[in-house]
Amino acid sequence: MQAKKRYLILFSTGACLILLFCLGGIQVPLSRRGPGRPHDRRLSGYGPGARWRHLSGYLQPFSSWEQDRSDDLTEHISPRQKRDANSGLYTGKRCRMESCFDFSLCERNGFKVYVYPQQKGEKLSESYQNILSSIEGSRFYTSDPGQACLFVLSLDTLDRDQLSPQYVHNLKAKIQNLPLWNGGKNHIIFNLYSGTWPDYTEDLGFDIGLAMLAKASISTENFRPDFDVSIPLFSKDHPRTGGEKGYLKYNTIPPYRKYMLVFKGKRYLTGIGSDTRNALYHIHNSEDVVLLTTCKHGKDWQKHKDARCDKDNAEYDKYDYREMLYNSTFCLVPRGRRLGSFRFLEALQAACVPVMLSNGWELPFSEIIDWNRAAVIGDERLLLQIPSTVRSIHQDKILSLRQQTQLLWEAYFNSVEKIVLTTLEIIQDRVLLHTSRSNLMWNSLPGGLFTLPQYSTSLRDFPFYYAKLGIKPPSKFTAIIHVVTPLVSQSQPVMKLLVAVAKSQYCAQVIVLWNCEKPLPAKHRWPATSVPVTVIEGESKVISSRFLPYNTIPTDAVFSLDEDTVLSTTEVDFAFTVWQSFPDRIVGYPARSHFWDSNKERWGYTSKWTNDYSMVLTGAAIYHKYYHYLYTTYFPASLKIMVDQMSNCEDILMNFLVSLVTKLPPIKVTQKKQYKETMMGQSSRASRWADPDHFAQRQTCMNKFANWFGTMPLIHSQMRLDPVLFKDQVSILRKKYREIERL
Amino acid sequence: MYTSGKYSSRGPALIPRMKTKHRIYYITLFSVVLLGLIATGMFQFWPHSIESTADWTLDKRSVHDAPLIRLPVSSPIPERGDLSCRMHTCFDVYRCGYNPKNRIKVYIYPLQRFVDELGVPISSTGLSREYNDLLSAISDSDFYTDDVTRACLFIPSIDVLNQNSLRIRETAQALAMLPRWDKGMNHLLFNMLPGGPPDYNTALDVPRDRALLAGGGFSTWTYRQGYDVSIPVYSPLSADVDLPERQPGASVVIPEEKLSEMYTILKSIPHRQVEEMQRQARWFWEAYFSSMKAIGLTTLQIINDRIYPYAARTYEQWNNPPVVKWSSVNSPLFLPLIPPRAPGFTAVVLTYDRVESLFRVITEISKVPSLAKLLVVWNNQNKSPPEETLWPKISVPLKVVRTKENKLSNRFFPYDEIETEAVLAIDDDIIMLTSDELQFGYEVWREFPDRLVGYPGRLHLWDHEMGKWKYESEWTNEVSMVLTGAAFYHKYFNYLYTYKMPGDIKNWVDAHMNCEDIAMNFLVANITGKAPIKVTPRKKFKCPECTAIDGLSLDQTHMVERSECINKFASVFGTMPLKVVEHRADPVLYKDDFPEKLKSFPNIGSL
C-alpha cells in the first residue's frame, strides 16, 4: 500500500512538472515572438514609445463596499454637522450659501428684498440710484425689514477706487452702525470698481462680513461659487429700464463681416494687465485683423512711452471705433487694468462675437449663462493662436454665436434693471433650490427673467419650448368667459357664446368668471353642454381677476372671452388651430394698433381700420395659460391696481407683456362681419366700450405702460390669417371653415 | 478481501483499496493531471489558438511583471493640492496648443509597482479592476497617444481611486517620481473614495501639487471651480448616482436644513415632471456614469471643452438623450428678428430658353417696390443668353449667371450676387403675380424670416390603401408645402440646400429634374420644425392662355413622380418633417368692406 502510494505521488508530480514545462515552454517562445514590440525594454524605461497596456487578469475591485458601510455606521457624521463643528471656518472668503446665509428668513414671506432707507447727506451715484430704484420697482421689494430675505444697502459701494471722486469714505463705520447689518448676513453688496493703481486688488476697503458680493471684474480666485454673483461692468449712462435693442438686424449669409477681429483701446505700457495689450500688435495685420492701441492716456504717458507708441497712436486715429464694432465678426475683449472692461457689453450689443482674453475673469452671470454659446473664450497665453482659432470657427457657429449675443444682451444686460433682476433671480434660484431654472431656461428665448420656475420647473408647461422638446402644442383649450352683467334672459349673448364655444371639438372646459355684483345664478340657468362648465366668482370682482392663473384651468391653452363676444364654433375651431402653430403668441380676432404721435410726442392708440395692427383684444383671444401667471406675478401691484381702478387696459397690458416676452406681434385671424360690428358699433348694453372716456383712458394707458416698461414692446403685423380656401372661387362645400365666409 | 470486493464493485478496479479520504485525494489529483495533459496536448497540436490567446496570457503576466520601483525614504513629496489652482494658473496650455481637431492628447504612464525601502507596496490593492477598465477605455479612445512628447494631459497608472487602500505619503512620493510630473502640471488623478475616518475629507488627501483631480464627493469648498472635475462614485452593484454637475433636469437638490420638509417638497413636484426627471436621470446614468469607461471619457471631454471652449459641446449635446435630439429642432435662425424692409429682396429666376416669358416675368417683378436685384440663372449651356441690349430696362441691377450644367439645384445655389437675406425664387413662366401680391409676400416673409413664404400651396397625405405618402395639388383646406416656383425664403436655406442636404436627395433631384421644391420644403421644415406660409388666395399664376392650372403639374406621370419624391425624402430624413396647417396669410383688410384705395395691398387675388 505505501509503495503504491509513493509511486502514485511520484507519477503525479512528474506529470505536473511536464505540464508546467509545457505551458511555460509555450509562453517563453511566444513572448519572444511577440507582435514585434520590444516592450520589455520599455517597461523599465519611459522612452517616447512607452505605453500603458491593457491588463485583463484578475484584479481586485477598488473598494469593498461592506467595509465602507460598517465604517459609516460607527463614524458617520453629516457634512452639515461637520461644518457646524468648525463654524467660523467657512466664513469670509470661504462663504457658501449653506454656511453664510440664513435660509429661514426667506421661508415665511418668500424671496423679498429690503432696501435700507436713504440717509440724509448720503450721496448716491446715479448708477447706484438706478440699482436701488430697480429693486424698489420690482415685485421682490418690501419696505418691511421683518419680511425681508435679502438686504440691500443704501450706501454707495459701487466705486471702491480710493482715487475716484465717487469713493465713499468711512464706509466701514457707517456699515457697522446699521442696526440690521447682523455681520452682513443675507446682505448683498454691489460693486463695479475695487482697488486702485498700481495693483488694483479686489479688496473693497471694508469688511463685508457674511455679505454676498455682486461684483464686476471678479476673479475666479476671489469668486465664492454659489455665493457671489459676477455682474457686468456698466457705464453710468446705462439706461435704468427698457434699454437699447441689440444692433443685429440681419442674418447675412455668409456671416462674415468686413473685419474678422477688431479691438481699439488703451495700451498700458507697464504694470498690471499691460502684457496682453502690449502684445496685440503681433497679430494685427491692418486688413481683417485690426487691433489698435493708443499710449495717449493719463497725464504722463510720454514718460513711459516705448518705441511703438508713435506708430500705434497714428494708426489708432485712422479708424472709427463704431465703424469697426458694427463691421466685425469678432471683437477682442482683452483685460484692462481690471479683468472686465466696457468692451464686453459694447461687443455684445453690437452682435460682434466677443473674444475674451482675460484669464481668471469669472464672466458675468457665469452661474447661469453658458458663455460658450455667445463668446469665444480665449487664453491670454495663446494670444498668437487667436487669429487661427477664430478663422477656424464654422460659419454656422458664427451665425449662432451672433444671435446668442443678442439674446443675452436683451435678456440680461441692456438695462440696469435687467442686471439687478438677474442678480436677484440667481439668488432666488439658490434659495428655492427645488424650484430653480434649468440651463435651457436661462440660455434660450425668452430668457430666465420671463421664465418663472415658480410656475413650473418642467419645460413642457411653458409656451416656449415645444419645438426644442420635439413635442406638439396642446390639443385642447379652456374657455374663460368674463361676465359682468346679471343673467336675465336665455337669449343673452353670453348664452349663445357659451354654447358655441362649448361645441368646439378642441374645448375641454368652460369657466364662467362671475365678476358681476349680483349673486351667482342657479346652476340650471346655464345651458347644458357636453363639456363641463364651472362658474367661479371673481376675487374682489376686479378686471385683473380674468388673468389669474386659476388652478381650475386644466389645459395649457386659454380662450379668453368677453360676455358680449359673438363667435361661431367654426371661428373658434379655426382660431385654435392657428394658435397651435403659434403657441407663444396671442391669437385673436379684433385687433388694434399703436403709433407714435409726433405732434403730441406720445404714443397713440387707434381702433380704426388700419393696414396693420399690434394688439389683439383679449375679449376674444387664445393664448397660453402661462401668461396668466406672468401677468399676475411679473407686474408690481401698482400697475395692476391702476388697471383695476380704471377697469380698463388690461388687454393692452397683456399685449405689452406678450410682445415683450416674444418680441413678436400678436396674430389676428379672420372673423365674421357681425362680430366686428358688435365690437365696433359698441351696441351691447353692458359694454364698457360705450363709455366715451374709455378710449381716452386707453390712450393714457399706452403711455403709462410704455413709461413703466421703459420701451415700447408692441410690434406691428400686416397680415391676417385666413382659412386656406377663404373666399376662393371654389365650391363652398369644399371649404372646411365655410361658416366664416357666411354673413 | 470482502471489503475490497465491495469497493471494486463500486469504483474503478485500478484504484487500490485505501482510506476513503486518500482515495478522493488521489482521484482529484489524477484527474487534474489528466486534464492538464489533455490541455497541453491541445495547445501543442492547435497552434492557431495559441496565437490568438497570446495577448491575454501576456497581459496577465505583465501585472506582476511591471517593473518594481523602490521609493527611497527621502524621496521628495509633492505639495498639498493648491486650492487656488485654475486652468489659467496651474495648467500648461502650451502643451495642448492649437489643434485642428480641437482634441486633447492623453498619455498614460506604463504600469509600475511601487514599494518602499522595505519592499512593502504603497497600496493594498495595487491596480484595481475599475482603474484598469478606466485606463483601458481611455487608451482605446481618440484621446490616447503613446507619444509622451505630444501629450497635453498625463494620467499616472498609480491607482488612487480609493484613498483607504493607499499609503498616503508613499503614494505622493511615487507620483513625484513620475518622469513628467513637473509639479503635477497637466496630470489628472481619478479618485472616488476620498478621505477616511475621522475627518472624511471631501477631496483626496494625497499631496499632489497642481494635478487636476477628478473626484467623487467634492464639497463646494474643496472643488476648484473650472479646474477639478466632479465624478460619481462608481459601484457596479448600485444604481445610485451622485449627480456631478448641477442638473435640475434630473434631480431635486434639497439643503440639509430643509430635510424635514423633504416630503412636502417632493410632493409638490408635478407628476409629469417626475417622469421627465426619471427619464433624464436614466439617460445621464447610461450616457455618462454607467461604467468606468463612460466616467473616464466624460471626464476627458469636460477637460477638452475647457481647453478648446470654442469647440465645446453644448448644453443640449450634453443633456439631450438621442430620442429628444431626434424630434427636437434647434433652428439656425432662432432669434426673433423682423428684418427691416429697406434691403429688399433678390429675385432669382431660373430659366432655360423661354426668353419671351422670362422678359415678361422680369418686367412684372421690376414693379415691386422692394425688389433690390434680379438674378437670372441661365441654365442652358447650348445657347447664350440674349444680348444685353435686348433685356428689359429695369431700375434695379440685373445679373445673369451662366451655369455649367443644366441642374435644378442651380436655382438654390447661394450665389455671391445675392446680397440680401431675402430671396424670391421664381419660375420664368410665373407672370400673373401682381406687384401687390409680391410686395405683400415680402412683408410676410419679414415677419417669418425662417420660413418658406410662397404662393401656390401643396399638401402631402397618407394613402392608407397604398401605405405610403401621396402628393396632393387639389383645392385642399390644408397646406404643408409651398412651391418654390414663387416663394420667398432666407438665403441661409440656399446654403443649406447646397451643402447640407441629407443623403442623395440633391442628386436624385438633379437626375429626375423634378421635386427640388419638395426637397426645399423638407429641408426647411426639418430644421425649423415649422410649416411654410402660403400667402394670398389661389389663382392662376401662369399665362391665362395656357391650359394647365399651375405648373407642369397636371401631367399624370409628373404627379406620380412627386409622390415618389415625398416617400423617398421621408425615408432619407428618417421622418416626415412636413407640418400641416390650415391657414394662409392675407393682408389685414383683405376682402373687408373698406375703400380699396386705403388698403396697402388692394390688388390681391385678381387675374
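This is a predicted model: local features need pLDDT of at least 70, side-chain atom pairs count only at pLDDT 80 or more; totals for chains, interfaces and linings use all residues.

Reply: B:Cys85 and B:Cys90 form a disulfide, with 1.9 Å between their sulfur atoms. The torsion about this S-S bond is about -85°, so the link between B:Cys85 and B:Cys90 is left-handed. Both of these cysteines, B:Cys85 and B:Cys90, are buried.

Staying with chain B, another disulfide joins B:Cys515 to B:Cys565, at an S to S distance of 1.9 Å. Here the angle about the S-S bond is 80°, and the link is right-handed. B:Cys515 lies in the loop between α15 (505-512) and α16 (516-528) of chain B, while B:Cys565 belongs to helix α17 (residues 556-573), so the bond ties together parts that are 50 residues apart in sequence. B:Cys515 and B:Cys565 are both buried.

Over in chain A, A:Cys331 is joined to A:Cys352, S to S 2.1 Å. This pair links distant parts of the chain: A:Cys331 is in strand β11 (residues 328-334), and A:Cys352 is in the loop between α12 (343-349) and β12 (353-357), 21 residues apart. The disulfide of A:Cys331 and A:Cys352 is right-handed because its S-S torsion is about 100°.

Two other cysteines of chain A are worth a glance for burial. A:Cys507 has 4% relative accessibility and therefore counts as buried; A:Cys516, at 3%, counts as buried too.

If you number the bonded cysteines of chain A in sequence order, they pair as 1-2, 3-4, 5-6, 7-8, 9-10.

Methods
Residues are numbered from 1 along each chain as its sequence is written. Chains are lettered from A and ligands numbered from 1 in the order in which they are written. Side-chain values use heavy atoms; hydrogens and water are left out. A disulfide is a pair of cysteine sulfur atoms within 2.5 Å. Helices (H or I, at least four residues) and strands (E, at least two) are DSSP runs, numbered from the N terminus. Buried means under 20% relative accessible area, exposed over 50%, partly exposed in between (1.4 Å probe, protein chains only).
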